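Please walk me through the aromatic contacts of this structure, with the criteria behind each term stated along the way.

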Amino acid sequence: QVQLVESGGGLVQAGGSLRLSCAASGTIGSRNVMGWYRQAPGKQRDLVATITSGGITNYADSVKGRFTISRDNAKNTVYLQMNSLKPEDTAVYYCYLHLYNLQWSTTLWGPGTQVTVSP
């Protein structure tokens, strides 16, 4: 069974940087999308960024130009480099893996990692 393990969260001052990592255990196949969502207290879980197995990226408008998503397919790992962090980026960040083929699809989530940005 595929599991997602996140790392890299923490506390940082506004303007600082953090790098999140998420590794998927097991075989995930060539058709997949990996990415990150985030959820602030009292708010819904929102898209941050995704990247396909072919390297196509998608970003939320609020993080464009500040965050960069990348992946290492050999390691089944996705990264999120977060620069110029703002207090409003404070949230629990969840790793996301969407697997699919012609017959089925499924979505897996990591347990979440806290990112806190102080003013």
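Over the face of which ring does Arg45 lie? Arg45 lies over the face of Tyr94, at 3.6 Å from the ring centre, and its charged end also sits over the ring of Trp109, 4.7 Å from the centre of that ring; a charge sits over a ring if NZ of Lys or CZ of Arg is within 6 Å of the ring centre and within 35 degrees of the ring normal. The model is predicted, with local features needing pLDDT of at least 70 and side-chain atom pairs counting only at pLDDT 80 or more, while totals for chains, interfaces and linings use all residues. Residues are numbered from 1 along each chain as its sequence is written, and side-chain values use heavy atoms, with hydrogens and water left out.

Trp109 also belongs to one aromatic cluster with Tyr37 and Tyr96. Rings of Phe, Tyr and Trp (its six-membered ring) pair if their centres lie within 6.5 Å, and planes under 30 degrees apart count as stacked, over 60 as edge-to-face and the rest as tilted. By this rule the count comes to three aromatic pairs. Tyr37 and Tyr96 form a tilted pair, 5.2 Å centre to centre with 45 degrees between the planes. Because Tyr37 lies in strand β4 (residues 32-39) and Tyr96 in strand β9 (residues 91-100), this pair ties together parts that are 59 residues apart in sequence; strands (E, at least two residues) are DSSP runs, numbered from the N terminus.

The rings of Tyr37 and Trp109 have centres 5.1 Å apart and planes at 80 degrees, so this pair is edge-to-face. It links distant parts of the chain, with Tyr37 in strand β4 and Trp109 in strand β10 (residues 105-109), 72 residues apart.

Tyr96 counts as buried at 13% relative accessibility, whereas Trp109 is partly exposed, with a relative accessible area of 37%; buried means under 20% relative accessible area, exposed over 50% and partly exposed in between (1.4 Å probe, protein chains only).

Terms used. Helices (H or I, at least four residues) and strands (E, at least two) are DSSP runs, numbered from the N terminus.
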